[in-house]
Amino acid sequence: MPTLMLVGAHPDDIAIFWGGAAARHADEGWTVVGVTVDNGAGSPHSFEMDKESLVARRAEELAWEAMRLGYRREHFALPGVKTSATRAEAVRRLTALFAADAPQRVITHHLEEHHATHAIVAKLVLRALVDAHAGGAAMPELWLGDGWEPVHYPDLRFDVTAYMNVKMAAIAMHGSQIYDTPYLMGAWGLNLYRAGFASSHEVTDPKMVFAEAYQRVEPEDVAELAAAQDPEP
Ligand SMILES: [Zn+2]
C-alpha cells in the first residue's frame, strides 16, 4: 500500500490547505501520515488563553482532525523553527520518518509563501528528503500546495469534490483558529476557484466542483530543487 506524507508547519495547515488530498488518499487505500512541525503557540488570537493552554488545545484539535481525515499523526510540537537547533531537530525527525515510512508522495508548503514559517518548513522538508535519500531511502515525488498565497503556476489539479464535507469538518475541529479567522470560507472559495481556473488548457470535468492545486516535483528533480535553496533558511 503506497504512503502519502503531508508536512504542515502548524496544527491546522494540513486540513486547511491539503485536507481534501489527505482524505481522498486515505479513502483510496493509501497509508496517510500527517506531520506537524510547530506547536502553534504563536498564533494571534482575540480570546484569553495562556500559551500553554493554547498549545494543549491545538494538539487536541489536531488529534480530532487526524481522526476525521484518516491519517496517522506525527506532531513534533516544536517551539517554532526560528533557531538552528529547532531546524536541525525538525530535519532529524523528518529524515527519520521519511526513512521509516518510505512515502511515495510528499505534500508540503510551496517555497514562495510569504508566511516565513511555512516557507522554512518546505525547505526543511527538502533537506530531509535529500538526507533520507543519501541514507538509502527512495526519493518520493513532491507536491507543493496552496497556502496563504496560492501556488502561482500549479501543474496539477486534484479533484476533492467528494471530500469537501470531510475537509470542512476537519477544519472546523480547529475551534481556537476559526474563532476569529474565516478559514472555512477561504478554503471553500479557493477550492472552488481551483476547480475552475487551475489549468487553463485543461478541459474541465463538469463534475469537478472543488479542487486543490499543486506544483508537482518529480523524484529526480527534488535534489536539484533542494540544492537551489538556502541551506540555512
Ligand atoms: Zn500555518
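Colleague: What do the numbering and the pLDDT limits cover?

Modeller: Residues are numbered from 1 along each chain as its sequence is written. The model is predicted, so local features need pLDDT of at least 70 and side-chain atom pairs count only at pLDDT 80 or more, while totals for chains, interfaces and linings use all residues.

Colleague: What is the order of the strands in the open sheet?

Modeller: Strands are DSSP runs of E with at least two residues, and helices are runs of H or I with at least four, numbered from the N terminus; two strands pair if DSSP finds at least two bridges between them. Here seven strands form an open sheet with mixed pairing, in the order β3-β2-β1-β4-β5-β7-β6. Its edge strands, each pairing on one side only, are β3 (72–78) and β6 (156–159).

Colleague: How many bridges join β5 to β7?

Modeller: Four bridges join β5 (residues 141–145) to β7 (residues 211–217), and the two strands run antiparallel; leucine 142 stands opposite valine 217 in β7.

Colleague: Which residues does valine 130 contact, leaving aside its neighbours within four places in sequence?

Modeller: Contact requires C-beta atoms, placed from the backbone, to lie within 7 Å; with those neighbours left aside, valine 130 is in contact with Ala223 and Ala226.

Key
Contact = placed C-beta atoms within 7 Å.
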